[in-house]
Amino acid sequence: MRTVARLKTHFSTFLGRRVASLDRTDGLKIAFGDGSWVLLRLSGTEPLLRVYTEAATPEAASQLAMETSAWVMDLVQGAQA
């Protein structure tokens, strides 16, 4: 599974944003310098990858979630090609 392998990468940037820190305690949490973050977490009971985000506004969090989902789907589709 290409997406799972990519989650093990040490990111210095993600989606064009500079990564402030990475936390792998419960999935992969990528924090950015502006205080926003994204958490990519594999389900332990279903074949799902969940995306959680937090940002300064609901719109910014939604945008971060959409960009992250597109990143994941590109990897999944690329693996099937």
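Three salt bridges are found in this structure, which is a predicted model. Two of them join distant parts of the chain: E67 with R17, 50 residues apart, and R41 with D26, 15 residues apart. The points below take up these charged pairs, then the strands, the aromatic rings and one backbone feature.

**Salt bridges**

- Side chains of opposite charge can pair when their charged atoms come close.
- E67 and R17 form a salt bridge in which the closest N and O atoms lie 2.7 Å apart. This pair connects helix α2 (residues 58–80), which holds E67, to strand β2 (residues 17–23), which holds R17.
- R41 is bridged to D26, with 2.9 Å between the closest N and O atoms. Here R41 belongs to strand β4, while D26 sits in the loop between β2 and β3.
- R41 is partly exposed at a relative accessible area of 29%, and D26 is partly exposed at 42% relative accessibility.
- R50 and E46 bring their side chains together in a salt bridge, with an N to O distance of 3.1 Å. R50 is partly exposed at 29% relative accessibility, and E46 is partly exposed with a relative accessible area of 39%.

**Strand pairing and hairpins**

- Strand β3 (residues 28–32) and strand β4 (residues 37–42) run antiparallel and are joined by four bridges. Within this pairing, A31 has W37 of β4 as its bridge partner.
- The hairpin of β3 and β4 has four residues between the strands. In this hairpin, G35 adopts a positive phi near 95°.
- β4 also pairs with strand β5 (residues 49–54), in the antiparallel sense and over six bridges. V38 has T53 of β5 as its bridge partner.
- The hairpin that leads from β4 to β5 passes through six residues.
- Strand β4 thus pairs with β3 and with β5, and also carries R41, the salt-bridge partner of D26.

**Aromatic pairs**

- A pair of aromatic rings is described by the distance of the centres and the angle of the planes.
- The whole structure contains three aromatic pairs. In one of them, the ring centres of F11 and F14 are 5.4 Å apart and the planes stand at 80°, so the arrangement is edge-to-face. F11 and F14 are both buried.
- F11 also pairs with W71: the ring centres are 6.0 Å apart and the planes are at 70°, so this pair too is edge-to-face. Because F11 lies in the loop between α1 (2–6) and β1 whereas W71 is in helix α2, the pair ties together parts that are 60 residues apart in sequence.
- W71 is buried, as is F11.
- One aromatic cluster is made up of F11, F14 and W71.

**Charges over rings**

- K29 is placed over the face of W37, 4.4 Å from the ring centre. W37 is also the bridge partner of A31.

**Backbone at L15**

- Most residues other than glycine have a negative phi, and most peptide bonds are trans.
- L15 is not a glycine, yet has a positive phi of about 55°.
- L15 is located in the loop between β1 (13–14) and β2, and is partly exposed at 27% relative accessibility.

How values were computed
Residues are numbered from 1 along each chain as its sequence is written. Side-chain values use heavy atoms; hydrogens and water are left out. Two strands pair if DSSP finds at least two bridges between them. Helices (H or I, at least four residues) and strands (E, at least two) are DSSP runs, numbered from the N terminus. A salt bridge is a side-chain nitrogen of Lys or Arg within 4 Å of a carboxyl oxygen of Asp or Glu. Buried means under 20% relative accessible area, exposed over 50%, partly exposed in between (1.4 Å probe, protein chains only). Rings of Phe, Tyr and Trp (its six-membered ring) pair if their centres lie within 6.5 Å; planes under 30 degrees apart count as stacked, over 60 as edge-to-face and the rest as tilted. A charge sits over a ring if NZ of Lys or CZ of Arg is within 6 Å of the ring centre and within 35 degrees of the ring normal.
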